[in-house]
Amino acid sequence: MTPRHASFLPLLLPALLFAGCASDGLASAGASQVIDIVGDGTFNPNVAPEALPDAVATAIPGRWASTFVAETVLGWTAAEIEADKDEGRAFLSERYGLDVEDPAYEGRLTTVDTTLDPRTGFRVVQSTLFDVPDGGLASWNLATLVVATDPAGVALGGDFEGEVLAAGQAVLFGAYVFPTDDGVYRVAYRSLLPAVIQDGALVWTCEVESEDFGAGVAQGLAILTPTAEGEVAADIRNHVTFWAP
Amino acid sequence: MQRKRILMLGVLTGCASAPSVVDGFVVDPTCGRAAPLGLTIGQPAADGSFQVIDEDAPPQRVFGPQGGQHLLLDLVLADPSDEASATLVVLQAARCAQEEPAACETDVLGRVEVITRPGDAQHQPLADGTLRLGSYFLVLRDWPEEEPRSVTASVQDACGRSAATSIWVAPQAQQDTR
């Protein structure tokens with residue numbers, strides 16, 4: 001490499017990093033498969049995103065009440081949406097012993113159906129399962145969060161009998177939705193363990209299941225921090241692994 | 001050469017600062033309303049009602065399940081302009097250099113700039129003629145309990161009238177909800 005070429009290296013490296021190279025050829029036969037998702041966008045959580053036309057604010061910044069993705073991207077009917085929620089609620093009851101519709105939890109648990117703000121830049125940056133375009137594949141995240149708001153926490157049952165969902169901890173279920181050129185892939189997720197706040201970040205471990213990709217786990221973290229311009233910057237990292245066949 | 005590199009890196013990484021919401025707010029020059037604009041800052045109570053915050057009742061921080069922490073803030077404007085008018089809202093939390101309100105702008109912990117318009121969920125005219133604005137998320141990068149802090153709200157209405165109020169939060173005085 002000549003000195004002249006070397007002088008361009010500092011400029012090329014960030015260009016390559018930010019280009020988000022397409023991820024063909026990563027798969028290994030017989031090995032587990034992965035989807036890596038990031039969100040690093042900046043947005044104003046007090047202004048609804050235009051890309052989510054029916055967005056209504058929830059108690060969580062960056063998360064909106066909306067049926068746009070279910071109805072328009074997935075093409076689900078209202079009955080299918082409700083059936084999916086019923087399935088999620090049944091999971092919470094069986095796994096964690098939480099009947100979120102029980103009035104006894106009023107004021108102790110907060111349940112919120114949400115769509116992640118697309119301005120977070122939530123996108124797949126690498127996958128062994130489908131092609132990812134340069135710059136990433138813009139994706140959706142639907143989540144029903146059940147957050148303990150009782151300062152004393154909420155006693156759990158099911159597989160977690162004897163444990164307590166501490167104030168601020170959450171259990172959740174939902175789906176990642178990946179609109180690829182080959183079709184829309186949906187990966188359902190459910191809390192394998194309660195999500196916790198650690199060093200200001202939400203940290204989760206979920207089990208995942210997909211008709212197309214099988215079962216696996218998702219692990220990640222998310223945090224929002226304010227910017228000097230009066231907005232917030234998302235920092236979301238999520239690594240989804242599907243078990244080897 | 002060094003300067004060119006910095007410029008190119010800036011372009012590649014998208015470092016250009018975003019246009020400010022404040023700059024985009026338009027005042028109606030035909031508005032003749034001149035009475036002072038009253039402003040009170042608060043938070044939504046559990047039942048949704050407006051709850052004033054002040055030095056004796058400091059704001060409650062929320063550790064949000066989005067990751068991070070925030071204050072949920074509401075405002076009430078007395079003698080607001082026409083119901084069809086927009087309002088510029090700027091909220092800011094800051095760490096104070098000393099235990100006095102005047103020394104609270106040195107270290108910004110979080111800031112919101114937003115224009116609220118009729119039809120927005122945050123624009124709520126009340127029966128008594130006041131205007132409730134909110135709730136707004138004021139996302140915090142920090143909220144050091146052991147140090148003095150402040151929460152400041154300032155508004156400008158379509159008539160060009162402005163008002164501001166500031167709450168000083170004493171060390172260890174706030175109550176947290178998780």
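I am working on a predicted model, where local features need pLDDT of at least 70, side-chain atom pairs count only at pLDDT 80 or more, and totals for chains, interfaces and linings use all residues. Residues are numbered from 1 along each chain as its sequence is written, with chains lettered from A and ligands numbered from 1 in the order in which they are written.

I then checked the pairing of β5 (87–95) with β9 (149–157) in chain B: it is antiparallel, over nine bridges. Strands here are DSSP runs of E, at least two residues, numbered from the N terminus, and two strands pair if DSSP finds at least two bridges between them.

I traced the sheet as open, four strands in the order β6-β5-β9-β10 (chain B), with antiparallel pairing. Its edge strands, each pairing on one side only, are β6 (107–116) and β10 (162–169) of chain B.

I looked up L138(B) next. Its contacts (C-beta atoms, placed from the backbone, within 7 Å) include L91(B), A93(B), G110(B) and V112(B), leaving out residues up to four places away in sequence.

I noted confidence last. Chain B averages a pLDDT (the predictor's confidence in each residue, from 0 to 100) of 82, and 84% of the residues score at least 70. Over residues 1–17 of chain B the pLDDT is below 50, and this stretch has 13 contacts in the model beyond near neighbours in sequence. For the complex I recorded an ipTM of 0.79 and a pTM of 0.83 from the predictor.

Notes: Two residues are in contact if their C-beta atoms, placed from the backbone, lie within 7 Å.
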